[in-house]
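Trainee: Could we go through this model together? I would like to know what stands behind each label we put on it.

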Amino acid sequence: MAKNAQKPLVKFYSGEEIPLELHKVRIVQKLHLVPIERRLEALREGGYNTFQLNTTDVYLDMLTDSGTNAMSDMQLSAMMQADDAYAGSQSFIRLKQAVEDVLGKSYFLPVHQGRAAENILAAAYVSKTSLVPMNYHFTTAMAHITQNGGRIVELLYPEAYVINSSHPFKGNMNLEDLEDCIQRTGREHIPYIRMEASTNLIGGQPFSVQNLRDVRAIADKYNIRLVLDASLLGENAYLVKQREKEFMNKSMGEIIKTMTDLADIVYFSARKLSSSRGGGICTNNESIYKELEALVPLYEGFLTYGGISIREVEAMAVGLYETLDETMISQSPTFIKYLVDEAMKMNIPMITPAGVLGAHVDAMSFCAHIPQSQYPAGSLAAAFFLISGVRGMERGSISNQRDEEGNETYADMELLRLAVPRRVFTLSQIKYVLDRLHWLYDNRELIGGLKFVYEPTVLRFFMGKLAPVSDWPEKLMTKFKADFGESL
Ligand code: F0G
């Protein structure tokens, strides 16, 4: 650790290692812990889909870290100096400079959020004969590729699918499979290879820099573009520093640049990477920039704001520099590790090693009695909200879309994601999550399945409505009230 770096984990007199908050709270938001009866009503109204809940019914919002990380005092003060102009804004110039300083790319296209970047890349490069190899899909990345007629293929090593593993880099691309895939498909059908930092849907698991170097070498061999989804790049860099020998004494800035230097195109959701809104695409290749440039005014807005409010442009710039601060980036992964380690002590099945953006509960094992056709992860998300007021997100088969024939495509993993946005929750709130999870695990037989009553064809997990297959929510509520003697 560098000379004056602060430690996010502090040893207490008792010997216990506790994640310590290296920030203080200066603006607060009131939360609501409503009775379980109201939570059941809220679930019914929202079709047992946690995306459909209102925050007035939610105690801890662990749905996502997207747009919900705490902003810093520096970001908020920068927002006040925004230069609000349609074209030629100085705020944009500051952001462009931050992209160059932090990500090392001199051409930058702003977009309103991450999926807008995916839309532009897919619109520019994907056609009906395209196949995009990736370490693993993200829902929106895949949706844009398939909307443009293309297909994706996921190329992870088998270790990535092992729930309890000590593998430090489960997000690594399977190099043999990549080369095999390129030879079988033909390089002309592969518009780009996509690498996702801190691979979201397998539990926020990083790839190593060495793996990215190896992917780059294959991309060079076949002359294929390498695209890096950098939405969770800061956390991937932090875990590289923790886990990859070559980088243990390197700064966050050096690690981030080493990774971005390897990609032809870097895109990101600033909602995760740096602030609360926005996104971008950047490159050092002028012809790539020219190929994408015209699509930004078409879909997003003029090239100096890209659909982002200028205040947020300022916050993005400051937030990008803040990703170089290990103290800031380490907070969420350190709290997640605490949550995962403590849950494992209670025998609750969790994805290990602990990753980033949230703790991931293995619903397939937690709800082993619920068949995949009744969505164990969705059922667990609903049950956990019911008994705790904590809103997590289903990351399992509901998040998948049906195939062309309308058949379910069951997810490799059925996960309940409990997001831990940066510098938002306190340790006592994390302890509450652990306590209620523990109770639910002891009463897991009471959780039942769900079925769709309204199922949109695209991104069904956002708007879909479900219903319980039996009266299990009522039974779970009755048991909760009997055990706790009250409704909270
Ligand atoms: N790529 C990754 C790795 C993401 O995690 C996300 C969003 C996106 C792209 C799309 O970005 O939301 O700004 O359009 N992830 C959020 C989540 C939604 O909750 O995991 P966006």
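Mentor: Gladly; let us start with the lining of the second largest pocket, which has 12 nonpolar, 13 polar and nine charged residues. Here Ala, Val, Leu, Ile, Met, Phe, Trp, Tyr, Cys and Pro count as nonpolar, Asp, Glu, Lys and Arg as charged, and the others, Gly among them, as polar. Keep in mind that this is a predicted model, where local features need pLDDT of at least 70, side-chain atom pairs count only at pLDDT 80 or more, and totals for chains, interfaces and linings use all residues. Residues are numbered from 1 along each chain as its sequence is written, and side-chain values use heavy atoms, with hydrogens and water left out.

Trainee: What makes a residue part of the lining of the second largest pocket?

Mentor: A pocket is an open set of points on a 1 Å grid over the protein atoms alone, where a 1.4 Å probe fits, with protein on both sides within 12 Å along at least five of seven lines; a lining residue has an atom within 4 Å of a point. For the second largest pocket 34 residues line the space, and M142, T146, Q401, R402 and T409 lie nearest its centre. Its volume, the space filled by probe spheres set on the points, is about 840 Å³.

Trainee: Why is the second largest pocket said to lie between domain 1 and domain 2?

Mentor: Because domain 1 (9-65 + 327-484) and domain 2 (73-324) both give residues to its lining. Those bounds come from an automatic or database domain assignment.

Trainee: And what is known of the largest pocket?

Mentor: The largest pocket holds about 1300 Å³ of space. Its lining has 34 residues, with V25, I27, A70, R423 and V424 nearest the centre.

Trainee: Why is D341 called partly exposed?

Mentor: Buried means under 20% relative accessible area and exposed over 50%, with partly exposed in between (1.4 Å probe, protein chains only). D341 has 32%, so it is partly exposed. D341 lies in helix α14, and its C-alpha atom is 8.0 Å from that of A354, 13 residues apart along the chain.

Trainee: What makes a set of residues a nonpolar core?

Mentor: Its members are buried Ala, Val, Leu, Ile, Met, Phe, Trp, Tyr and Cys residues joined through side-chain atoms within 4.5 Å. The largest such core has 62 residues, and M62, F366 and L440 have the most contacts inside it. A second, separate core of 59 residues includes L178, M195, A237 and L320.

Key: Helix = DSSP H or I, 4+ residues; strand = E, 2+ residues; numbered from the N terminus.
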